[in-house]
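Please look through the sequence and the model before reading on.

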Number of protein chains: 2
Amino acid sequence: MAETEITAIFEKHGIRPTQQRIAVYSYLLAQRNHPSADTIYRALADIYPVFSRTTIYNSLNALVQAGLVRTVNICAEEQRFDADVDDHGHFICEKCREIFDFEVSSDVLERLCPTGYRFSKGDVFFSGVCPGCCG
Amino acid sequence: MAETEITAIFEKHGIRPTQQRIAVYSYLLAQRNHPSADTIYRALADIYPVFSRTTIYNSLNALVQAGLVRTVNICAEEQRFDADVDDHGHFICEKCREIFDFEVSSDVLERLCPTGYRFSKGDVFFSGVCPGCCG
DNA sequence: ATATAATCTGTAATTAATACAATTATTAAT
DNA sequence: ATTAATAATTGTATTAATTACAGATTATAT
């Protein structure tokens with residue numbers, strides 16, 4: 001996505017379009033493999049010589065707050081991040097450890113929510129073996 | 001649950017019934033509120049004067065390996081543990097931060113799993129407001 | 001009872017994430 | 001365009017969850 005487009009999105013969501021945030025968001029939009037903060041840091045440190053690890057965390061928190069990015073808690077060790085904020089589930093392959101998206105509508109999720117509880121958001125995590133590793 | 005019963009369960013699952021593991025598992029069976037390792041440690045340190053934090057982690061890992069306990073990744077900060085290994089979802093209240101169980105059968109989950117992916121296990125995490133905090 | 005193997009303990013190390021203060025960049029007003 | 005005000009970035013230091021490790025202890029099987 002072009003930098004001007006991202007700037008417009010940021011302004012619409014009320015966060016300042018700094019070079020660092022644009023870089024983090026661009027990376028997340030391009031790489032749809034739910035990277036960790038450290039993965040993003042290492043990738044961006046290669047391109048931008050000065051890029052603090054703290055800024056990665058700050059930018060990610062700002063993006064999450066703004067509703068442009070969501071966290072994925074499928075790994076216990078570290079948080080993962082996803083620029084796709086639409087409803088979908090996450091499948092982690094026990095063999096290659098890769099995370100795949102799959103379709104789950106919020107209608108389906110809300111129907112699972114017990115009565116008396118006010119549903120705000122939901123997530124579905126599956127583990128198993130992905131098609132590539134099934135053979 | 002009586003200590004002899006727990007001992008029998010442990011032996012059936014191929015793990016040694018040590019005093020520490022029995023204490024951890026008893027606690028988890030009694031407290032169904034998905035405690036963290038630290039919560040378990042503090043509770044048991046009150047009762048047993050010598051109880052290493054490392055042993056809590058070792059015991060929990062052994063119990064998880066044996067299939068008697070499952071981890072709950074609903075909090076990013078720390079892992080939670082649950083002695084209920086039957087299929088169910090988890091709901092975290094945004095106000096009181098308490099975690100509630102709710103019914104979700106594995107049939108329902110497997111039906112959500114995309115074709116080509118071999119389903120092994122699944123978890124459903126919801127957040128929102130619990131009945132107690134809804135008023 | 002004893003030998004063997006597994007477990008426990010306590011400290012040290014690791015690692016993800018945050019706090020903080022000084023510097024730098026962005027925004028808005030002149 | 002300049003400049004003042006505000007917010008973000010940087011780098012270091014810190015926190016907190018978890019693991020590594022080695023010596024002491026406990027459980028199991030002979």
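How many nonpolar, polar and charged residues does the surface near DNA strand D have? Sorted by class, this surface has nine polar residues, five charged residues and four nonpolar residues. The structure is a predicted model, and every value in this report is to be read with that in mind.

**The surface near DNA strand D**

DNA strand D is surrounded by 18 residues, and the closest of these come from both protein chains, namely A:T18, A:Q20 and A:T55 together with B:Y57 and B:Q79. Of the atoms of DNA strand D that come within 4 Å of the protein, 79% belong to sugar and phosphate. When the surface is described by its elements, at least two residues each are supplied by α2 (19-30) and α4 (53-66) of chain A, and likewise by α4 (53-66) of chain B.

| Protein atom | Partner in DNA strand D | Distance |
|---|---|---|
| A:R16, polar side-chain atom | sugar or linking oxygen | 3.1 Å |

**The interface of chain A and chain B**

The size of an interface is often given as the accessible area that is lost when the parts come together. Between chain A and chain B the buried area is about 2700 Å², and carbon and sulfur atoms give 62% of it. On the side of chain A that touches chain B, at least two residues each come from β4 (99-102), α5 (106-112), β5 (118-129) and α6 (131-134). The largest share of that side is supplied by β5(A), with twelve residues, and by class the side as a whole has 20 nonpolar, seven polar and four charged residues.

Counted by contacts, 31 residues of chain A meet 31 residues of chain B. Which kinds of polar link are found between chain A and chain B? There are zero salt bridges between the two chains, while ten residue pairs are found in polar contact across the interface.

The strand β5(A) also pairs with strand β5 (residues 118-129) of chain B, and the two run in the antiparallel sense over eleven bridges. Within this pairing, A:K121 has B:S127 of β5(B) as its bridge partner.

Terms used:
Residues numbered from 1 in each chain as written. Chains lettered and ligands numbered in written order. Predicted model: local features only at pLDDT ≥ 70, side-chain atom pairs only at ≥ 80, totals over all residues. Heavy atoms only, no water. Near = heavy atom within 4 Å. Polar contact = N/O pair within 3.5 Å; in protein donor to acceptor, adjacent residues only side chain to side chain. Helix = DSSP H or I, 4+ residues; strand = E, 2+ residues; numbered from the N terminus. Nonpolar A, V, L, I, M, F, W, Y, C, P; charged D, E, K, R; others polar. Contact = heavy atoms within 4.5 Å. Buried area = accessible area lost by both parts, 1.4 Å probe. Salt bridge = Lys/Arg side-chain N within 4 Å of Asp/Glu carboxyl O. Pairing = 2+ DSSP bridges.
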